[in-house]
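Student: I've never looked at this one before. Could you walk me through it with some questions and answers?

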Amino acid sequence: MGKVLIFNGSPKKRGTTASLLAQAADGAKSKGLEVVEYNLNDASLRGCQGCMACRKEDAVACVQNDYFSTMYADLKDADGIIFGAPIYMGSITAQGWKLINRLYPAMAPDFSPRFPGKNFGIIITHGAPDAEAYKPAAEVTAGFFARLGWNEVGRVIWAGAGGEAPEELSSQAFAMGEAIAR
């Protein structure tokens, strides 16, 4: 059985981002994938400390012993990830940035990907009614995952987020979860 890691970069465990991530998780499960969920708002999750221990040739994980320790073990054999975050002040949340910063060990000292070929999907939610308003933030986020040698399989942007997700977006998130399967 394959595996997909779901990262919720929202400070709200059951908010709009979580609702679309749940749809993506259901899509992955429908293809027989194991789903492992990470809440990036967990209090024990620290930001990158800039110690550079992950830049050593034999390093495959961050040396910090926190909530992310198990994530690195899961990441090695995962088929892919689905990342979701709301937009706050024009960018993904601080919780989301922690993931991106803490994925630095997924790049070798020469900046080549250590775990290439994984699939990824992105879910972005925001309150602005214009769907184009925060596409640049989604592009920047996708760019970080692409630098790790990962392939984008889907992107869902929910403009004017609030209440229950529109059926079209729920269906897109489900299809993204299905597409993670190799």
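Student: Let's begin with strand 1: how many of its six residues are buried?

Tutor: Keep in mind that this is a predicted model. Buried means under 20% relative accessible area. Strand 1 is largely enclosed by the rest of the structure, because the buried residues in it number six of the six.

Student: Which residues of strand 1 are on each of its two covered faces?

Tutor: In a regular strand the side chains alternate between the two faces of the sheet. Both faces are covered here, and every residue on them is buried. One side has Lys3, Leu5 and Phe7, and the other has Val4, Ile6 and Asn8.

Student: What stands opposite asparagine 8 in strand 2?

Tutor: Strand 1 and strand 2 run parallel, joined by six bridges. Strand 2 covers residues 34-39. The residue there that faces asparagine 8 is asparagine 39.

Student: Moving on to strand 5, how many of its seven residues are buried?

Tutor: Take the faces one at a time. On one side, Asn119, Gly121, Ile123 and Thr125 are buried, and on the other so are Phe120, Ile122 and Ile124. That leaves strand 5 mostly covered, with a buried count of seven of its seven residues.

Student: Where does alanine 85 sit, and is it buried or exposed?

Tutor: Alanine 85 belongs to strand 3, and its bridge partner in strand 5 is isoleucine 124. Beyond its neighbours within four places in sequence, alanine 85 is in contact with Gly9, Thr17, Ile92, Thr93, Ile123, Ile124 and Thr125. Its relative accessible area is 0%, so alanine 85 in strand 3 is buried.

Student: How far is alanine 85 from serine 10 in space?

Tutor: In sequence, 75 residues separate alanine 85 and serine 10. In space, C-alpha to C-alpha, the distance is 5.2 Å.

Student: Which residues have the most contacts inside the largest nonpolar core?

Tutor: This core has 33 residues. Two or more of them come from each of strand 1, strand 2, helix 2, strand 3, helix 3, strand 5 and helix 4. Methionine 71, for one, touches Leu5, Phe7, Tyr38, Leu99 and Leu103, leaving aside neighbours within four places in sequence. The residues with the most contacts inside the core are Phe7, Met71, Ile81, Phe83, Leu99 and Phe145.

Student: Why does alanine 165 count as buried?

Tutor: Alanine 165 is in the loop between strand 6 and helix 5. Leaving out residues up to four places away in sequence, it touches Ser19, Leu20, Trp158 and Ser170. Buried means under 20% relative accessible area, and alanine 165 counts as buried because its relative accessibility is 14%.

Student: Is methionine 89 buried or exposed?

Tutor: Methionine 89 lies in the loop between strand 3 and strand 4. Its phi is near 55°, a positive value in a residue other than glycine. With 86% relative accessibility, methionine 89 counts as exposed.

Student: What is the phi of methionine 52 near?

Tutor: Methionine 52 is in the loop between strand 2 and helix 2. It is partly exposed, with a relative accessible area of 43%. Its phi is positive, in a residue other than glycine, and is near 70°.

Student: Which residues are closest to the centre of the largest cavity?

Tutor: About 100 Å³ of space lies in this cavity. Of the 15 residues that line it, ten are nonpolar, four polar and one charged. The closest to its centre are Cys48, Cys51, Cys54, Cys62 and Pro105.

Notes
Residues are numbered from 1 along each chain as its sequence is written. This is a predicted model: local features need pLDDT of at least 70, side-chain atom pairs count only at pLDDT 80 or more; totals for chains, interfaces and linings use all residues. Side-chain values use heavy atoms; hydrogens and water are left out. On a 1 Å grid over the protein atoms alone, a cavity is a set of points where a 1.4 Å probe fits but cannot get out, and a pocket is an open set with protein on both sides within 12 Å along at least five of seven lines; lining residues have an atom within 4 Å of a point. Grid points are joined across faces, edges and corners, and a volume is the space filled by probe spheres set on the points. Ala, Val, Leu, Ile, Met, Phe, Trp, Tyr, Cys and Pro count as nonpolar, Asp, Glu, Lys and Arg as charged, and the others, Gly among them, as polar. Helices (H or I, at least four residues) and strands (E, at least two) are DSSP runs, numbered from the N terminus. Buried means under 20% relative accessible area, exposed over 50%, partly exposed in between (1.4 Å probe, protein chains only). Contact means heavy atoms within 4.5 Å. A nonpolar core is a set of buried Ala, Val, Leu, Ile, Met, Phe, Trp, Tyr and Cys residues joined through side-chain atoms within 4.5 Å. Two strands pair if DSSP finds at least two bridges between them.
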